[in-house]
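The following note sets out points on the structure shown below, for a colleague who wishes to check them against the model.

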Amino acid sequence: MIRDMTDETHVTDSYFPAEVERKWRARWDEEGTNSFTDDAIARIGREGRPFYNLMMFPYPSAEGLHVGNIYAFTGADIHGRYRRLLGDNVFEPIGFDAFGIHSENFALKHGVHPMELIPRNIENFTRQLRRVGFMYDWSHTVDTTSPEYYRWTQWLFLQFYKAGVAVKKEAPVNWCPGCNTVLANEQVIAGACERCGSAVEMRTLSQWFFRISDYAQRLLDNLKTLDWSDTTRRMQENWIGRSEGAELVFPIAGMDGESVRVFTTRPDTVFGATYMVLAPEHPLVDRITTDQRRTAVNEYIQAVVSSDLVNRKITDKQKTGVDTGARAINPATGQEIPVWIADYVLMEYGTGAIMAVPGHDERDFAFAQAFDLPVRRVIAGSGDSADSPVGEVYSGGGTLVNSGEYDGMESGEAKSAITAALAQRGLGEARVNFRLHDWCVSRQRYWGPPIPILYCDACGTVPVPEDQLPVTLPFIENYKPDASGISPLARHEEWYLTECPSCGGRARRETDVSDTFLDSAWYFLRYPSAGNHLAPFDPEVTRNWLPVNTYIGGNEHAVLHLLYSRFVTMVLKDLGHIHFEEPFTRFRAHGLIVKDGAKMSKSRGNVIVPDDFIEEYGADTFRTYLMFLGPYQEGGDFREAGITGPYNFLNRLWDAVLSAEDRPIDPAVERKLHATIAKCSEDLGELSYNTAIAAMMEYLNVVRTGGRTPEREAVQPLVTLIAPFAPHMAEELWSRTGGEGSIFDNGRWPTFDPAKTVADEVEFVVQVNGKLRARLVMRRGITESEARDVALSDANVRRFLEGVELRKVVFVPDRLVNLVVG
């Protein structure tokens with residue numbers, strides 16, 4: 001279907017996509033159609049209508065882009081082109097998230113050093129992106145592996161360090177034995193590494209953390225103000241995980257000053273706490289374990305530490321645990337209860353300790369049964385009493401029983417009353433808890449920005465001076481990580497030994513690199529200032545262009561990239577570097593593509609290579625077909641035979657525009673045109689691309705009904721309507737029909753007259769004595785007498801009028817004629 005032409009600028013009357021697309025790609029590059037100079041960025045930000053249209057940048061950890069990437073980028077690009085045709089000055093950049101484990105593992109798999117392989121991949125990605133015809137400003141691109149970029153990533157780390165937001169601490173962390181590195185909590189999915197699928201283990205290591213937990217409430221509150229996809233907001237709300245309850249204090253019997261603190265959302269059940277459980281990693285375990293139980297406790301701890309988080313989080317597995325020999329005092333009853341350790345309690349949740357209420361919690365009940373621990377009912381549901389046997393767990397609310405002075409009180413009231421009473425005795429307080437934990441940003445890998453910190457025996461921890469940034473990642477031959485937990489950079493003394501900038505003595509560089517999600521947590525700030533070598537982001541440009549107007553990406557990043565970006569933006573706002581605290585005004589999550597009803601994967605052999613389809617049908621057809629598959633925010637099913645429909649549609653549109661005649665437009669066609677413009681305007685604003693395409697197809701059928709030659713006035717607006725979907729073809733048709741320059745500079749989205757979107761005919765209900773006898777199409781605005789005559793002329797209506805007298809006509813304009821007879 002594609003004809004190659006040796007003359008790259010000449011285009012024939014027939015539609016040859018390759019020819020048209022090659023011509024306009026070259027023209028866009030030559031004329032800088034989609035690019036802003038730094039001066040223009042600054043000027044438009046001050047005086048124009050700046051619109052920042054952003055899509056999630058790809059990580060080049062594969063040989064090329066797949067159809068899912070192109071689907072996501074096409075939908076975002078259509079939105080940007082639509083806004084440009086509305087008159088906005090649209091800034092649409094792209095870059096490459098090129099550091100990180102994905103890229104490093106790809107390099108290891110292929111046996112090529114990432115410093116060689118990743119630039120090669122970026123070159124191929126760039127070729128593919130250009131060929132699809134995206135409206136990218138290639139003069140403002142970023143590559144996170146460039147020292148010019150990660151210099152500022154390191155600068156950002158230093159700002160956080162100086163503000164006390166970046167801290168190093170020893171803590172249990174998620175360790176992936178497959179990737180041989182630490183993972184943030186958000187990178188652990190169902191107990192497994194989100195990258196390689198390996199079961200995640202717990203290790204205690206000294207790591208750098210960002211104190212995102214300090215921002216939990218703010219991150220949660222601001223979600224209510226954002227124009228985001230509902231699913232994305234809910235995912236963040238659940239991940240932040242706000243819980244209201246109480247922190248209660250259980251003193252350790254016989255050990256002055258020692259106590260266990262627990263967070264519970266059910267302080268009304270404290271009278272039913274018959275034992276306590278600590279996570280095996282809890283720092284209190286070693287101090288409170290009795291000599292008689294120490295060997296058993298230590299053996300259990302070793303067994304747990306060597307296991308993985310997947311097993312520990314399985315709720316229905318056989319319960320294991322060990323009694324420490326210590327006893328805690330229930331602050332409500334004053335009774336001593338045993339303190340156990342068990343693997344089902346994790347340090348990462350709450351305080352790493354629980355009060356076990358087996359009568360009202362499933363896991364506690366199973367544990368109590370396994371170890372013959374007492375079970376006490378303290379909440380009575382409907383039909384229960386204080387003496388009802390606990391045959392199964394009751395976890396709902398109800399009336400307190402076996403709870404001393406609180407007997408008979410309802411659960412909701414008892415929560416507040418018991419918490420207040422324990423607070424008076426210094427044994428509890430109302431508390432809000434969050435599931436969100438601090439962000440571990442240390443990685444024991446090679447392919448990432450070195451963390452800009454030094455360690456000096458005399459001066460301690462020393463930040464690298466800003467004028468010495470970037471701390472450049474060195475080329476090392478053997479960059480493969482190992483299971484020791486030591487970064488590959490730690491094997492190179494010639495790199496990590498340096499001079500302390502404070503005292504001039506010997507110092508050691510931090511050998512961990514930072515999490516790749518830090519690179520992407522601020523990249524949107526860099527794009528408009530990509531040419532600035534003096535600052536990460538120009539203050540004036542940032543003030544005028546940000547926050548981002550529309551951001552489009554995948555929901556899989558809801559609790560990773562999107563959450564981290566919000567946090568980083570808040571910190572930078574607090575530190576006075578920017579004026580806003582939410583980076584993305586509007587976010588929409590795109591859907592996913594499947595092929596012939598099945599998820600695409602290399603193992604299934606059904607991965608779609610965009611290049612093949614673009615070669616055969618052209619980029620404009622490929623773009624249009626992807627958007628026609630289904631609702632953009634839901635996804636669709638790619639079937640190879642389906643692409644011929646959009647291909648034929650574009651061919652017919654091409655022919656209609658170039659064969660149009662200058663004559664008055666038919667009134668019926670004009671009404672359909674205005675309805676189509678209205679429909680496309682509404683749909684493109686809501687990213688409902690499939691229905692907009694369907695509306696254009698339907699309209700073109702009307703224009704071409706019976707092989708009629710279309711009026712120029714009827715088809716010229718179609719050139720603009722199709723432009724966001726098929727930009728190359730639209731540019732060519734715009735040029736051939738007398739348009740100057742680029743349609744995206746000089747064209748404008750067509751307007752419509754609401755009065756002309758309404759059909760000229762309406763359907764009347766015709767009744768005889770209130771009973772339906774006919775449905776008749778009549779002219780809109782028809783008079784009562786005219787409508788009566790039309791109704792009386794209908795054969796079926798006349799059957800019910802034989803032998804009777806017409807006494808009255810009930811007329812509702814444009815809706816009803818009711819003939820009353822007697």
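Which residues line the second largest cavity? The answer is given in point 3, after some remarks on the model and the chain.

1. Basis of the note. This is a predicted model, in which local features need pLDDT of at least 70 and side-chain atom pairs count only at pLDDT 80 or more, while totals for chains, interfaces and linings use all residues. Residues are numbered from 1 along each chain as its sequence is written, and side-chain values use heavy atoms, with hydrogens and water left out.

2. The chain as a whole. The protein chain has 28 helices and 34 strands; helices (H or I, at least four residues) and strands (E, at least two) are DSSP runs, numbered from the N terminus. Its C-alpha atoms fill a box of roughly 100 × 85 × 50 Å along the principal axes. Of the 822 residues, 55% are buried, where buried means under 20% relative accessible area, exposed over 50%, and partly exposed in between (1.4 Å probe, protein chains only). Among contacts (heavy atoms within 4.5 Å) between residues at least 6 apart in sequence, 72% join residues at least 24 apart.

3. The second largest cavity. Its lining consists of Ile70, Gln128, Arg131, Val132, Pro610, Asp611 and Ile614. Helix 5 (114-132) and helix 19 (610-617) are the elements that give two or more residues to this lining. A cavity is a set of points, on a 1 Å grid over the protein atoms alone, where a 1.4 Å probe fits but cannot get out; lining residues have an atom within 4 Å of a point. The space in the second largest cavity is about 40 Å³; grid points are joined across faces, edges and corners, and a volume is the space filled by probe spheres set on the points. The lining divides into 4 nonpolar, 1 polar and 2 charged residues, with Ala, Val, Leu, Ile, Met, Phe, Trp, Tyr, Cys and Pro counted as nonpolar, Asp, Glu, Lys and Arg as charged, and the others, Gly among them, as polar.

4. The largest cavity. The structure holds 3 cavities of 30 Å³ or more, and about 70 Å³ of space lies in the largest cavity. Helix 4 (101-110) and strand 26 (513-514) are the elements that give two or more residues to its lining. Among the lining residues are Arg195, Arg443, Arg445 and Trp447. By class, the lining of the largest cavity comprises 3 nonpolar, 3 polar and 5 charged residues.

5. Helix 12. In helix 12 (residues 362-371), the buried residues are Asp364, Phe365, Phe367 and Ala368. Seen down the helix axis, these buried residues fall within an arc of 165°, so they line one face of helix 12; the arc is that of the directions from the helix axis to the C-beta atoms. Glu362 and Gln369 are exposed on the other side of the helix. The packing partners of the buried residues are strand 13 (275-278), strand 14 (321-329), strand 15 (336-342) and strand 16 (353-356).

6. Ends of helix 12. Asp361 caps the N-terminal end, with a side-chain oxygen 3.1 Å from the backbone nitrogen of Arg363. Such a polar contact is a pair of N or O atoms within 3.5 Å; within protein, one must be able to donate a hydrogen and the other to accept it, and residues adjacent in sequence count only if both atoms are side-chain atoms. Just after helix 12, Asp372 takes a positive phi of about 55°.

7. Thr419. This residue lies in helix 13 (residues 411-424) and counts as buried at 9% relative accessibility. A polar atom of its side chain lies 2.7 Å from the backbone oxygen of Lys415.

8. Helix 25. In helix 25 (residues 727-736), 8 of the 10 residues are buried, so the helix is largely enclosed by the rest of the structure. Among the buried residues are Met729, Leu733 and Trp734. Gly738, which follows helix 25, has a positive phi near 100°.

9. Backbone features to inspect. The peptide bond from Leu469 to Pro470 is cis, with omega near 5°, and Pro470 lies in the loop between strand 23 (460-463) and helix 14 (493-496). The bond from Leu546 to Pro547 is also cis, with omega near 10°. Asn402 has a positive phi of about 50° although it is not a glycine, and is partly exposed, with a relative accessible area of 34%.

Definitions and conventions. On a 1 Å grid over the protein atoms alone, a cavity is a set of points where a 1.4 Å probe fits but cannot get out, and a pocket is an open set with protein on both sides within 12 Å along at least five of seven lines; lining residues have an atom within 4 Å of a point.
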